[in-house]
Amino acid sequence: MSLKQKLQEDLKSSMKNKDNTKKSVVTLIRASIKQYEVDNRVELDDSQIIDLIAKLLKQTRDSLDEFKKAGREDLMTQAEAEIEVLKEYLPQQLSEEELNEIVIATISEVGATSMKDMKHIMSSIMPKVKGRADGKLINELVRKNLQ
């Protein structure tokens, strides 16, 4: 079953089960897919849909940070629930240890010695962990390993 079909089935089941959070997140994902396809006149495959969902997850996490700064408990709870639903459609996330191993291996592959090489390291790591790790965490690990 393709990811689009899974989203369609999950939308139906969330409507039947009156799961409003899941319904709204799945509707958002489907609308984003449709918008991208119409704007670019292409048909997205599963890997491109995963990229789009990862982008939505990043936006939601950024919103969560802003809600925390503003002290909005109600919006924080909603954003956390949305994050959990978005994660269901992404591949299994890498642990920090696994990610650190990949970062160390990539630093030695690239031959990086300073922060000037950050661009090369990140461009080499991101395809390896596509959809399975947060770029912010990767950036922090690279910085920590280059010091």
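This is a predicted model: local features need pLDDT of at least 70, side-chain atom pairs count only at pLDDT 80 or more; totals for chains, interfaces and linings use all residues.
**Entry 1: helix α5**

I began with the length of α5 (96-110). At 1.5 Å a residue, its 15 residues should span 21 Å, and I found its end C-alpha atoms 21 Å apart, which agrees. I then looked up which residues of α5 are buried, and they are Leu99, Asn100, Val103, Thr106 and Ile107. Seen down the helix axis, these buried residues fall within an arc of 130 degrees, so they line one face of α5. On the face turned away from that buried side I noted the exposed residues Glu97, Glu101, Ser108 and Glu109.

What do the buried residues of α5 pack against? I traced them to α6 and α7 (135-146). Past the helix I checked the backbone: Gly111 follows α5, and its phi is positive, near 75 degrees.

**Entry 2: Asp117**

I moved on to Asp117, which lies in the loop between α5 and α6 (118-128). Is Asp117 buried or exposed? Asp117 is buried, and I found no salt bridge for it. Lys116 has the nearest side chain of opposite charge, and it is 8.4 Å away. Gly111 is the residue I had already noted after α5.

**Entry 3: nonpolar cores**

I looked up the largest nonpolar core, which has 22 residues. Ile29, Ile33, Ile53, Leu86 and Tyr89 touch the most other members. The elements giving two or more residues to this core are α1 (3-16), α2 (20-40), α3 (46-70) and α4 (73-88). Of these, α3 gives the most, with 7 residues.

I took Ile29 for a closer look. Leaving aside neighbours within four places in sequence, Ile29 is in contact with Leu7, Leu52, Ile53, Leu56, Leu86 and Tyr89. Apart from this core lies another, of 15 residues, and I noted Ile107, Ala112, Val129 and Leu141 among them.

**Entry 4: Ala70**

My last item was Ala70, which I placed in helix α3. Its relative accessibility is 55%, and the cut-off for exposed is over 50%, so Ala70 counts as exposed. I also took the separation between Ala70 and Arg30, which are 40 residues apart along the chain. Their C-alpha atoms are separated by 30 Å.

Conventions
Residues are numbered from 1 along each chain as its sequence is written. Side-chain values use heavy atoms; hydrogens and water are left out. Helices (H or I, at least four residues) and strands (E, at least two) are DSSP runs, numbered from the N terminus. Buried means under 20% relative accessible area, exposed over 50%, partly exposed in between (1.4 Å probe, protein chains only). Lys and Arg count as positive and Asp and Glu as negative; His and the chain ends are not counted. A salt bridge is a side-chain nitrogen of Lys or Arg within 4 Å of a carboxyl oxygen of Asp or Glu. The expected span of a helix is 1.5 Å times one less than its number of residues. The arc is that of the directions from the helix axis to the C-beta atoms. Contact means heavy atoms within 4.5 Å. A nonpolar core is a set of buried Ala, Val, Leu, Ile, Met, Phe, Trp, Tyr and Cys residues joined through side-chain atoms within 4.5 Å.
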